[in-house]
Amino acid sequence: MRDPQSIAANEDARMIPLWSIIVAVAAFVLVEYYFWLILPQQQHHPPPLGFHIYFSLSGGVLIALYFLMVGYVSKDAPRRAMSSRFWILICFVMPGGIGAVLYFLLRQPEVSRCPACSTHVQSDFHFCPQCDYRLTANCGNCFRTVRASDQFCTCCGHELAKDHMPARLRVLGE
């Protein structure tokens, strides 16, 4: 497994890098420049003003969003132990945002560290694969995730008090 970057989930502003914001603004300005200064000189019959405003703004916004999305992928992929270069290339090669749709459909869960042995583990793991440390509260019968405050499993009805959940997980639920 690749070594993931750690960016806290609550730091959403850092998920779009500065270079991506600068490129998006520059692309928006270039599209507007083209629509308002270059394109009218090449047309004998300009479109109505409403169409001109609509197409220039929507084109500029779509191009800017495209570059912001590529920037987001460049920051989000390393958090999930995925190759950011590969996914940026896919986003550029696949036309019309299909690369971004593929990224969001195929991306891996976020990766975190085991508190006991510092191994990289996926966020949906119940136990650490290296040291068998219990990462989340789960049912001892069906092993599905439960809240630490639950008394019974919502899937199989197993009484969770019999599982002897570690005290650190019980405290989180209170």
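This report describes the aromatic ring pairs and the confidence of a predicted model.

The protein chain has a mean pLDDT of 82, and 86% of its residues reach 70 or more. Residues 170-174 have a pLDDT below 50.

A search of the whole structure returns 10 aromatic pairs. One of these joins Y54 and F55, whose ring centres lie 5.2 Å apart. The planes of Y54 and F55 stand at 70 degrees, and edge-to-face pairs are those with planes over 60 degrees apart, so this pair is edge-to-face. Y66 and F67 also form an aromatic pair, with 6.0 Å from centre to centre and 75 degrees between the planes. The Y66 and F67 pair is likewise edge-to-face.

| Residue | Relative accessible area | Class |
|---|---|---|
| Y54 | 53% | exposed |
| F55 | 45% | partly exposed |
| Y66 | 22% | partly exposed |
| F67 | 21% | partly exposed |

Y54 is classed as exposed because its relative accessible area of 53% is over the 50% cut-off. F55, at 45%, is partly exposed, since this class lies between 20% and 50%. Y66 is partly exposed at 22%, and F67 is partly exposed at 21%.

Definitions and conventions
Residues numbered from 1 in each chain as written. Predicted model: local features only at pLDDT ≥ 70, side-chain atom pairs only at ≥ 80, totals over all residues. Heavy atoms only, no water. Phe/Tyr/Trp six-rings, centres within 6.5 Å; stacked < 30°, edge-to-face > 60°. Buried < 20%, exposed > 50% of the residue type's maximum accessible area, 1.4 Å probe, protein only. pLDDT = per-residue confidence, 0-100. Contact = heavy atoms within 4.5 Å.
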